[in-house]
Structures are given as C-alpha cells and as structure tokens.
Amino acid sequence: MSVSECHWTGGLDSRMIMAWQKSVPGSLPCYSFGGAYRDCQDVLLARQVARACGQSHEVIRVGEDFISRFPHYAERAVYLADGCVDVSRSPDLYVNEKAREIAPIRMTGNYGSEVLRAVRAFKPVEPTSGLFRPEFSNPPSCC
C-alpha cells in the first residue's frame, strides 16, 4: 500500500506518519471529517499538519447534504450492521462515502496516544452494584 493513497487526520498517528513519510508536496490527499458549523480541533490540527508538509487539506462536512439524505443513510447503517448499530452511525457511512471520492484507501490510526504516551482510553471500573446475580459475582471455591 502506498502512503500516497491514504486518509490523514490531525491525530498523533497521522502526524507521526506525515513527519516520517517526507512525501512530494501535493501528493497526499489530506482530509478530515467535520461538522456543519465550525471546525473541531482535529480539523484545525490536520490542516496545519498538511500545510507544514506541503499537502492540500479538505474538510468533509456532515451538513445539509447528509441531512437531506438522512433516511437513506440511517436505513443503510442498520442494514449493513445486521441491526447491531442504530441510526447514530449513519454519518459514518456518509463521510466514508465522500472520502472514497478523494482517496481509494483510508488509513487511520487508533490509540496512538495510548501506545506512545501511555494514556489509558479505557479505565477499569467496578461494575454497577446489583448488575450480576451473587452466584456470578464470586468465583467458585474450586478455582
């Protein structure tokens, strides 16, 4: 897979890859997912990273176009996941459909801060009292 065909955000993973890659200016399609009204930190940072690396940057906004086709994306999200997700995941379909128009491959990192900065995304917590029946809460005496 060529890095010149991938998606980039403003996350730690993307910033590290962009710093390492040293791509020819204008050769990477950089984009971020954004809202209809203002730019989030991911968009602002991704735009700066792209500029620093000599790349263009585009924002795929979830706005009027998505809202006007919401029933389509809502139905499709539930259908594609066999009912395991609800309509709240429909924007994912929309932005990724738009992303495919920019770049055929989407490479994204997950948990870069957790790996590189030792930040915990999921912290252990005690289960809610009464969640489990008593016989499931205590291990059997044989173990």
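**Exercise 1.** Is Tyr 31 buried or exposed?

*Solution.* The model is predicted, so that local features need pLDDT of at least 70 and side-chain atom pairs count only at pLDDT 80 or more, while totals for chains, interfaces and linings use all residues. Residues are numbered from 1 along each chain as its sequence is written, and side-chain values use heavy atoms, without hydrogens and water. Buried means under 20% relative accessible area, exposed over 50%, and partly exposed in between (1.4 Å probe, protein chains only). Tyr 31 has 0% relative accessibility and therefore counts as buried.

**Exercise 2.** How many aromatic pairs are there, and how are the rings of Tyr 31 and Phe 33 arranged?

*Solution.* Rings of Phe, Tyr and Trp (its six-membered ring) pair if their centres lie within 6.5 Å; planes under 30 degrees apart are stacked, over 60 edge-to-face, and the rest tilted. By this rule the count is five aromatic pairs. Tyr 31 and Phe 33 form a tilted pair, at 5.9 Å centre to centre with 40 degrees between the planes. Phe 33 is partly exposed, at 23% relative accessible area.

**Exercise 3.** Describe the pair of Phe 66 and Tyr 73.

*Solution.* This pair is tilted, with 5.9 Å centre to centre and 35 degrees between the planes. Phe 66 is buried at 4% relative accessible area, and Tyr 73 is buried at 2%. Ring pairs join Phe 66, Phe 70, Tyr 73 and Tyr 94 into a cluster.

**Exercise 4.** What phi does Asp 82 have?

*Solution.* Most residues other than glycine have a negative phi. Asp 82, which is not a glycine, has a positive phi of about 50 degrees. Asp 82 is exposed, at 71% relative accessibility.
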